[in-house]
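Visitor: Please take a close look at one part of this model. I want to know what packs against what, and which residues are involved.

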Amino acid sequence: RYCGLVKGRYGLESKGATNLTELNERLRAWGMVRRRKADVMPELPPKFRQIVELPSEHVKELVNEEWSAYTKHTTIITALKQAVRVARHTESDQEYAEVVRRLREGQAAAFAEMAKLRVEICKVKIPFILSHLDIVLSGLPKVVFFAWHTIMLAAVQKAFGDGVVLLTGSTPQGRRQEVVDSFQSDPAI
């Protein structure tokens with residue numbers, strides 16, 4: 001529908017693109033448009049990236065536990081994927097469905113265990129992150145802080161109180177611009 005498909009001498013051929021307006025509308029309806037900072041707000045300073053190493057004695061045990069779980073689940077899931085490849089060639093649809101079900105359960109179990117371990121690691125990091133943000137904020141007027149876990153965001157918001165605005169996936173669509181505007185225009189934020 002969108003690749004300019006035409007019947008050619010040797011079968012179907014893709015030449016160019018068709019229905020681009022419709023494709024654009026469909027992509028924008030359920031996708032995300034990413035733009036470069038330089039194209040949107042060229043007055044912003046360049047990104048500053050920094051790796052901040054935490055004292056490892058506080059997280060070493062949890063990181064080792066995470067690595068052990070990752071290794072265990074990788075081995076199990078690899079074996080289950082191999083079983084699915086083998087089951088594809090069997091005559092029994094029931095056998096194939098059972099192997100696929102076991103693979104999905106294994107993947108779900110791996111995800112749940114890894115997510116739980118990563119939340120525990122996040123909890124241990126909170127005091128160090130808050131301390132680092134204190135240092136950073138003493139030298140900069142504003143900071144945009146990204147985090148994966150909502151418990152980290154909640155801890156930052158609690159620590160810095162009214163000086164923080166929070167924008168997450170659960171922020172209502174109608175309120176997002178208000179949050180952005182308050183960050184950009186309010187010097188106390």
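Guide: One definition is needed at the start. A residue is buried when its relative accessible area is under 20%, exposed when it is over 50%, and partly exposed in between. Keep in mind that this is a predicted model.

Try the cut-offs on Asn-19. Its relative accessible area is 36%, so Asn-19 is partly exposed. Asn-19 sits in the loop between strand E2 (11-14) and helix H1 (20-30). Its phi is near 55°, a positive value in a residue that is not glycine. Most residues other than glycine have a negative phi.

Glu-22 belongs to helix H1. With a relative accessibility of 27%, Glu-22 also counts as partly exposed. Setting aside neighbours within four places in sequence, Glu-22 contacts Arg-1 and Tyr-2. From Glu-22 to Val-156 the C-alpha distance is 42 Å, and the two are 134 residues apart in sequence. Val-156 takes us to the part for a close look: it is one of the H5 residues that meet H4.

Two packed helices are described by the angle between their axes and the distance between the axes. For H4 and H5, the angle is about 35° and the axes are 9 Å apart. The crossing of H4 past H5 is right-handed. From H4, the residues in this contact include Val-119, Cys-122, Ile-126, Ile-129, Leu-133 and Leu-137. Lys-123, Lys-125 and Asp-134 are also among the H4 residues there. H5 answers with Ile-151, Met-152, Ala-155, Val-156, Ala-159 and Phe-160. Sorted by class, the contact has 13 nonpolar residues, three charged and no polar.

What about the loop that joins these two helices? His-149 lies in the loop between H4 and H5. Its relative accessibility is 19%, so His-149 counts as buried. Beyond its neighbours within four places in sequence, His-149 touches Arg-118, Val-119 and Cys-122. Val-119 and Cys-122 are also among the H4 residues that meet H5.

Now turn to the other partner, H3. The axes of H3 and H4 come within 9 Å and cross at roughly 165°. H3 is therefore roughly antiparallel to H4. This crossing is left-handed. By class, the contact of H3 with H4 holds 19 nonpolar, eight charged and three polar residues.

The largest nonpolar core has eight residues: Ile-77, Leu-80, Val-84, Ala-87, Val-99, Val-100, Leu-103 and Ala-110. Helix H3 (60-87) and helix H4 (93-139) are the elements that give two or more residues to this core. Another core, of seven residues, lies apart from it and includes Cys-122, Leu-133, Met-152 and Ala-155. In soluble globular proteins, nonpolar side chains tend to be buried together.

Thr-171 has a relative accessible area of 11%, so it is buried. With neighbours within four places in sequence left aside, Thr-171 is in contact with Leu-166, Arg-176 and Val-179.

Methods:
Residues are numbered from 1 along each chain as its sequence is written. This is a predicted model: local features need pLDDT of at least 70, side-chain atom pairs count only at pLDDT 80 or more; totals for chains, interfaces and linings use all residues. Side-chain values use heavy atoms; hydrogens and water are left out. A nonpolar core is a set of buried Ala, Val, Leu, Ile, Met, Phe, Trp, Tyr and Cys residues joined through side-chain atoms within 4.5 Å. Buried means under 20% relative accessible area, exposed over 50%, partly exposed in between (1.4 Å probe, protein chains only). Helices (H or I, at least four residues) and strands (E, at least two) are DSSP runs, numbered from the N terminus. Axes are lines fitted to C-alpha atoms, for helices over the stretch in contact, and angles run from 0 to 180 degrees between N-to-C directions. Angles under 35 degrees count as roughly parallel, over 145 as roughly antiparallel, 65 to 115 as roughly perpendicular and the rest as oblique. A crossing is left-handed if the near helix is turned anticlockwise from the far one by less than a right angle, and right-handed if clockwise. Ala, Val, Leu, Ile, Met, Phe, Trp, Tyr, Cys and Pro count as nonpolar, Asp, Glu, Lys and Arg as charged, and the others, Gly among them, as polar. Contact means heavy atoms within 4.5 Å.
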